Amino acid sequence: MENLTSKQRKEFEKAAHDLEPVVIIGGNGATEGVVKMIDDCLTHHELIKVKFNEFKDEKKEITDNIVNELGATLIRIIGNVAILYRENPEKDK
């Protein structure tokens, strides 16, 4: 997990503004398959949105668990959407 400055977080928020959620947390919650999908999406895209259709009251705890498990960084939760970032060191800049 990276320690980002508030300026860096703001830049990631701006970059994520036009992104569509790539993963949706539904009735089954953050299953192993959902976490694997988030991991794959972070590896490919680095910056993603995860939407909560269910478990809206637990979104902060669920997101914290995912972030800790995957070594990602929570940029921000806006409404029922979490913005996550994880740098892919192998991706060409």
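Predicted model: local features only at pLDDT ≥ 70, side-chain atom pairs only at ≥ 80, totals over all residues.
Two strands are taken as paired if DSSP finds at least two bridges between them. Helices (H or I, at least four residues) and strands (E, at least two) are DSSP runs, numbered from the N terminus. Residues are numbered from 1 along each chain as its sequence is written, and side-chain values use heavy atoms, with hydrogens and water left out.

I begin with the sheet. It is open, has four strands in the order β1-β2-β4-β3, and its pairing is mixed. At its edges stand β1 (23-25) and β3, each of which pairs on one side only. Direction ignored, neighbouring strands of this sheet are turned by 25 degrees against each other on average. Here and below, axes are lines fitted to C-alpha atoms, for helices over the stretch in contact, and angles run from 0 to 180 degrees between N-to-C directions.

Helix α1 lies across β2, β3 and β4, and runs at about 60 degrees to β3. Helix α3 packs on the sheet and touches β2, β3 and β4, its direction making about 160 degrees with that of β3.

Let me turn to strand β4, residues 81-85. Is this strand mostly covered or exposed? Five of its five residues are buried, where buried means under 20% relative accessible area, exposed over 50%, and partly exposed in between (1.4 Å probe, protein chains only). On one side these are Val-81, Ile-83 and Tyr-85, and on the other Ala-82 and Leu-84, so that both faces of β4 are covered.

Now to the partners of β4. Strand β2 (residues 47-52) runs antiparallel to β4 and is joined to it by five bridges; Leu-47 stands opposite Tyr-85 in β4. Strand β3 (residues 73-78) is likewise antiparallel to β4, with five bridges, and Leu-74 stands opposite Leu-84. β3 and β4 form a hairpin with two residues between them, and Gly-79 in the turn has a positive phi of about 65 degrees.

I close with charged pairs. Side chains of opposite charge can pair when their charged atoms come close. How many salt bridges does a search of the whole structure find? The search finds four, a salt bridge being a side-chain nitrogen of Lys or Arg within 4 Å of a carboxyl oxygen of Asp or Glu.

One of them joins the side chains of Glu-13 and Arg-76, at 2.9 Å from N to O. This pair links distant parts of the chain, since Glu-13 belongs to helix α1 (residues 6-16) and Arg-76 to strand β3, 63 residues apart. Glu-13 counts as buried at 18% relative accessibility, whereas Arg-76, at 40%, counts as partly exposed.

Another is formed by Arg-86 and Asp-39, at 2.7 Å from N to O. Here too distant parts of the chain are linked: Arg-86 lies in the segment after β4, Asp-39 in helix α2 (residues 32-45), and 47 residues separate them. Arg-86 is buried, with a relative accessible area of 15%; Asp-39, at 22% relative accessibility, is partly exposed.

A further salt bridge joins Asp-64 and Lys-60, at 3.0 Å from N to O. Because these two residues are four apart in helix α3 (residues 59-70), about one helical turn separates them.

Technical notes:
Contact = heavy atoms within 4.5 Å.
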